[in-house]
Amino acid sequence: AAYAHELPRYGLKVGLTNYAAAYCTGLLLARRLLQKYKLDGLYAGQEEIDGDEYNVEALDDQPGPFRAFLDVGLVRTSTGARVFGAMKGAADGGIDIPHSMKRFPGFDADSGDFSAEIHRKYIMGGHVGDYMTHLQDEDSEAYQRQFGRYIKLGITPDGIEAMYKKVHAAIRANPAHKPAAKKEGGKPKRWNRAKLNLAQRKDRVRQKKESWLKKVAEGSA
């Protein structure tokens with residue numbers, strides 16, 4: 001498994017829910033899975049991202065590529081949905097996933113044409129950069145509010161593509177899962193009452209008897 005909350009480890013500290021981040025998560029999943037089955041050296045996938053169609057081809061006299069099928073469940077499947085970004089990342093990462101280009105950004109349903117350039121722009125966060133530039137020019141307050149973390153980290157619209165390139169390279173360099181460090185100290189949470197030992201139970205009974213006798217005495221006085 002791979003999750004978007006792992007991406008800060010690879011240099012992506014903001015925008016973990018957009019299309020570009022979904023692509024990164026799919027790429028991480030693919031490289032991690034292939035590494036587990038020792039296929040990462042055979043099937044590197046699409047290392048030069050161009051947004052165009054890519055399908056893994058089996059190598060002669062070698063184990064075949066890992067095949068998977070996209071199960072969207074209840075996720076919306078409109079054109080440009082993030083689930084397809086994750087799928088594209090996994091496909092470019094070297095997993096054999098049967099698919100078409102009809103749900104990727106850049107596909108025109110009216111003409112049937114697909115623009116790999118537009119798709120690449122989404123993969124590399126170009127749509128985010130465009131929106132940042134738009135807000136900078138039109139509404140500086142909204143820009144400060146919506147992209148405050150980007151500003152704090154020194155991320156500019158012109159630097160977004162370079163940031164994603166570094167993230168992709170970092171994922172390919174070391175996709176292995178890193179267990180979260182366990183917190184030391186502190187008591188574990190309990191959702192029910194702790195079990196009492198024999199001495200504690202006897203003491204509890206004694207306290208209840210004393211309380212009841214006291215009430216009886218006060219009522220008869």
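In which handedness of crossing does α1 pass α7?

**View 1. Helix α1 passes helix α7 in a right-handed crossing.** The model is predicted: local features need pLDDT of at least 70, side-chain atom pairs count only at pLDDT 80 or more, and totals for chains, interfaces and linings use all residues. Residues are numbered from 1 along each chain as its sequence is written, and side-chain values use heavy atoms, with hydrogens and water left out. Helices are DSSP runs (H or I, at least four residues), numbered from the N terminus. α1 spans residues 19-36 and α7 residues 160-173. The two pack at an angle of about 15°, with axes 9 Å apart. Axes are lines fitted to C-alpha atoms over the stretch in contact, and angles run from 0 to 180 degrees between N-to-C directions. The helices are therefore roughly parallel to each other (angles under 35 degrees). Right-handed means that the near helix is turned clockwise from the far one by less than a right angle.

View 2. Ala20, Ala21, Tyr23, Cys24, Leu27, Leu28 and Arg31 in α1 meet Tyr164, Val167, His168, Ile171 and Arg172 in α7 (contact: heavy atoms within 4.5 Å). The residues of this contact divide into 9 nonpolar, 1 polar and 2 charged. Ala, Val, Leu, Ile, Met, Phe, Trp, Tyr, Cys and Pro count as nonpolar, Asp, Glu, Lys and Arg as charged, and the others, Gly among them, as polar.

**View 3. Aspartate 96 sits in the loop between α2 (82-92) and α3 (116-123).** Aspartate 96 is buried, with a relative accessible area of 12%. Buried means under 20% relative accessible area, exposed over 50%, partly exposed in between (1.4 Å probe, protein chains only). Leaving aside neighbours within four places in sequence, aspartate 96 is in contact with Val56, Pro65, Phe66, Arg67 and Ala68.

**View 4. Tyrosine 19 and tyrosine 122 form an edge-to-face aromatic pair.** Their centres lie 6.1 Å apart, with 85° between the planes. Rings of Phe, Tyr and Trp (its six-membered ring) pair if their centres lie within 6.5 Å; planes under 30 degrees apart count as stacked, over 60 as edge-to-face and the rest as tilted. Tyrosine 19 lies in α1 and tyrosine 122 in α3, so the pair ties together parts 103 residues apart in sequence. Tyrosine 19 is buried at 3% relative accessible area. Tyrosine 122 is partly exposed at 29%.

**View 5. Tyrosine 37 and phenylalanine 66 form a stacked pair.** Ring centres are 5.8 Å apart and the planes stand at 25°. Both residues lie in the loop between α1 and α2, 29 residues apart in sequence. Tyrosine 37 is partly exposed at 44%, and phenylalanine 66 is partly exposed at 29%.

Conventions. Parallel < 35°, antiparallel > 145°, perpendicular 65-115°, else oblique.
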